[in-house]
Amino acid sequence: MKRLLKGGRVVDPANGIDGVHDVLIDGDRIAAVGRDLPLDGASVVEIPAGLVVCPGFIDMHVHLREPGQEHKETVATGTAAAVAGGFTAVACMPNTAPVNDNANVTAYILAKAAEANLARVYPIGAVSRGSKGELLADIAELRQAGCVAITDDGHPVATALLLRRAMEYAGMFGMPVIEHCEDGSLKGDAVAHEGYQAATLGLRGMPGACEALGVERGILLSELTGAHFHVAHMSARASLRAVRKGKEIGVGVTCEVAPHHFTLTDEALASPVPYDTNTKMNPPLREAADRDAMLAGIADGSVDAIATDHAPHHYDEKNVEFDRAPFGIVGLETAVPLSLDRLVHAGLIRLPRLVELLSVNPARILRVPGGTLSPGAPADVTILAPELEVRVEAAALRSRSKNTPFDGWELRGGVAATIVGGRALFVNPALTGLQGL
Amino acid sequence: MSAPARTPDEMRVGAAPAVTALRRKDLLGIAELSTDEIALILDTAEAMKEVGERPIKKVPALRGKTVVNLFFEPSTRTRTSFEIAEKRLSADTLNIAVASSSVVKGETLADTALNLEAMRPDMIVLRHSSSGACHLLSGDLLHSRVLRSNIHLLTKMGSDVWVCGPPTLIPTDITRFGVRATSDVDEAVADADVIMLLRIQLERMEGAFFPSLREYFNVFGMTEARLRRAKPDVMIMHPGPMNRGVEIASEVADGPYSVILEQVANGVAVRMAVLYLLAGGVAHEEAA
């Protein structure tokens, strides 16, 4: 079955395309992109003016919580949130219960993903058994089972030695090692960014240096081993400085920034709702200079990807004292509106760069298909409605958890439709003209 | 350490009090209070202090009101001070000490609050180790232990505030609070009108905040020798409990400049004032 997406603005940076083109989908593959493509027996979907057709977005950092924490999220609810948020694929972190440190857990996650049959799921395996930081996990078997990277996310890899070994070993397969960068001794039992806000609120703080130390460690070991080192959820300006320096000297380092870290600062801990546990995440919301550095890194190309660190937590788990609440917020369904509003409409970047950050680069970093509309590529397509006025409603999120600090926010830009393998799995009911998808 | 530019009394010379009641049902921190409200509390505290000097130390201001002292961490001094204040105002007082272990067992703070609320207390005094815990509760709240209350209060009332100690014990960004920071005790002591020593939490030793209590006392402890550099009418304060021979020498603590025990007495009066005002009391009304 062929379908022709006709007349939309197509942004496909991998092929240098930005202009009005047709996209021909044949089954689950892209068949062609070009001007005034012949019908060739395809059904036609006229893309309404103002919408933008992009290669499918890939969120390379989500917590799907299954197996073991299905009260927070499941593969099914998480991938439903993904497609509603414009993501055709997600990479899920291994800190489930049990930890995804062996092929059986990987297979279980992939079986759940096949059952849900929504966004593609790329499991990320653990660096160490149980993510305990002692023995390496069965990395080769994880890879054979379908893992695309390894990490002990939630925590940094316990020792420099283990991180080195993981890099050397994963380097055999060209797998990136993704690191939650943090010096544990400097972090202590901190719950917020160290600075004026934490001092005012009486919360224990961790400085940006706590993250940057982990970034520096990883870059040095990446230089030593030649392995690909990826910095997860970067938030501190000192970390960005280290990444820039690493790239300058040719180290294989890449990094991602989460929408909350380019949008919010630690002032959100004090207002509008003081001690709102939906402003508690790790790394924490930092001061304005750090937030501004993340924006600058996104604008100048130093930042490779936008990833949400989608971290669902149940209402009961968050409805406690700030100290006791778990770290993290959901992000799959707010990432695109925040990115369009705060980056594109703010004049910081243009759409092709946004597509690089959300599609081209995540695919390249994880070495997974997608990130392009080249003929033969999977028909994974995200259609944006950059001018759509979006109001975030926590209660209406598809994610099983509603822990977002953006409830009630009004943002310019949203998702029009999400197509995975040629199937339109999400069409925004607020828009007309896309029913034929 | 502070050098008051204007005392609250001076600020009000010849003027009627700007506010006569606290139009709020809870008090979660000093930062949210206006200078007028602080002056009202202090004025009211003076009247309350007089109650404590009577043979029968009791007024009916909170008769029929139920006050729950909900303490999630042990604090005999604070609880005692509140309890005495409540009893002098004739409130019915209930003390609940919740060991943190029982929280681990199940009930959340939010549920504890809902359960208490269902029993219709008139006021709740909360002490909790988690900053912001009060914001989780609904109903009448009184007490939030926010770290920088002193600085907020003193700068708000016009004092010139210095903080002195090793950098490991001074929060980063402290100067954004409008205070000056130094690690030179002599510099801090000179020209100070009031020297307030803060308790060294002995458990901090484990966090390597300073090498030893002995060294701390040698470098930062308030001794008679250091005090000689201060103004002749300097006042020595300490919120208690004291570590004698750590942050303060006994000769200073018990010496002629010390108002430390008066602080304890005033603490009761201020608590009476706050409870009275939060319950809807108004200024300059005879407490009795």
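**Walking through the model**

Modeller: Start with helix α4(A), where L163(A), R164(A), A166(A), M167(A) and A170(A) are buried. Buried means 20 or more other C-beta atoms within 10 Å of a residue's own; exposed means 12 or fewer, and partly exposed is in between, with C-beta atoms placed from the backbone.
Colleague: Why do residues three or four places apart point the same way?
Modeller: An α-helix has 3.6 residues a turn, so such residues point the same way.
Colleague: Before we go on, what kind of model is it, and how do I read the labels?
Modeller: This is a predicted model: local features need pLDDT of at least 70, side-chain atom pairs count only at pLDDT 80 or more, and totals for chains, interfaces and linings use all residues. Residues are numbered from 1 along each chain as its sequence is written, while chains are lettered from A and ligands numbered from 1 in the order in which they are written.
Colleague: How many residues does α4(A) have?
Modeller: Helix α4(A) runs over residues 160–171 and has 12 residues. From first C-alpha to last it reaches 16 Å, close to the 16 Å expected at 1.5 Å a residue. The expected span is 1.5 Å times one less than the number of residues. Helices (H or I, at least four residues) and strands (E, at least two) are DSSP runs, numbered from the N terminus.
Colleague: What do the buried residues of α4(A) pack against?
Modeller: In chain A, they pack against α3 (139–145), β10 (150–151), β11 (177–179), α7 (208–225) and β14 (229–231).
Colleague: How is chain A divided into domains?
Modeller: Domain 1 of chain A is 2–53 + 379–427, and domain 2 is 55–366. Those bounds come from an automatic or database domain assignment. The domain centres, taken over C-alpha atoms, are 25 Å apart.
Colleague: How many residues does each domain give to the contact?
Modeller: Domain 1 of chain A gives 31 residues and domain 2 of chain A gives 46 residues. Two residues are in contact if their C-beta atoms, placed from the backbone, lie within 7 Å.
Colleague: Which element gives the most on the domain 1 side?
Modeller: That is β18(A), with seven residues. By class, the domain 1 side has 16 nonpolar, eight polar and seven charged residues. Ala, Val, Leu, Ile, Met, Phe, Trp, Tyr, Cys and Pro count as nonpolar, Asp, Glu, Lys and Arg as charged, and the others, Gly among them, as polar.
Colleague: Backbone next. Which peptide bonds are cis?
Modeller: One is from E66(A) to P67(A), with omega near 5°. P67(A) is in the loop between β6 (57–62) and α1 (75–84) of chain A. Another is from A97(A) to P98(A), also with omega near 5°. P98(A) lies in the loop between β7 (87–92) and α2 (103–116) of chain A.
Colleague: And H233(A), what is its phi?
Modeller: Near 25°, a positive value in a residue other than glycine. H233(A) is in the loop between β14 and α8 (237–248) of chain A.
Colleague: Is H233(A) buried or exposed?
Modeller: H233(A) counts as buried, because it has 25 C-beta neighbours inside 10 Å.
Colleague: On to chain B. How many helices and strands?
Modeller: Chain B has 12 helices and eight strands. Of its 288 residues, 32% are buried.
Colleague: Which residues of α3(B) are buried?
Modeller: T78(B), F82(B), A85(B), E86(B) and R88(B).
Colleague: What covers the buried residues of α3(B)?
Modeller: The cover includes α2 (35–51), β2 (66–71), β3 (92–97), β4 (123–127) and α12 (260–278) of chain B.
Colleague: What follows α3(B)?
Modeller: S90(B), whose phi is positive, near 70°. S90(B) lies in the loop between α3 and β3 of chain B. With 15 other C-beta atoms within 10 Å, S90(B) is partly exposed.
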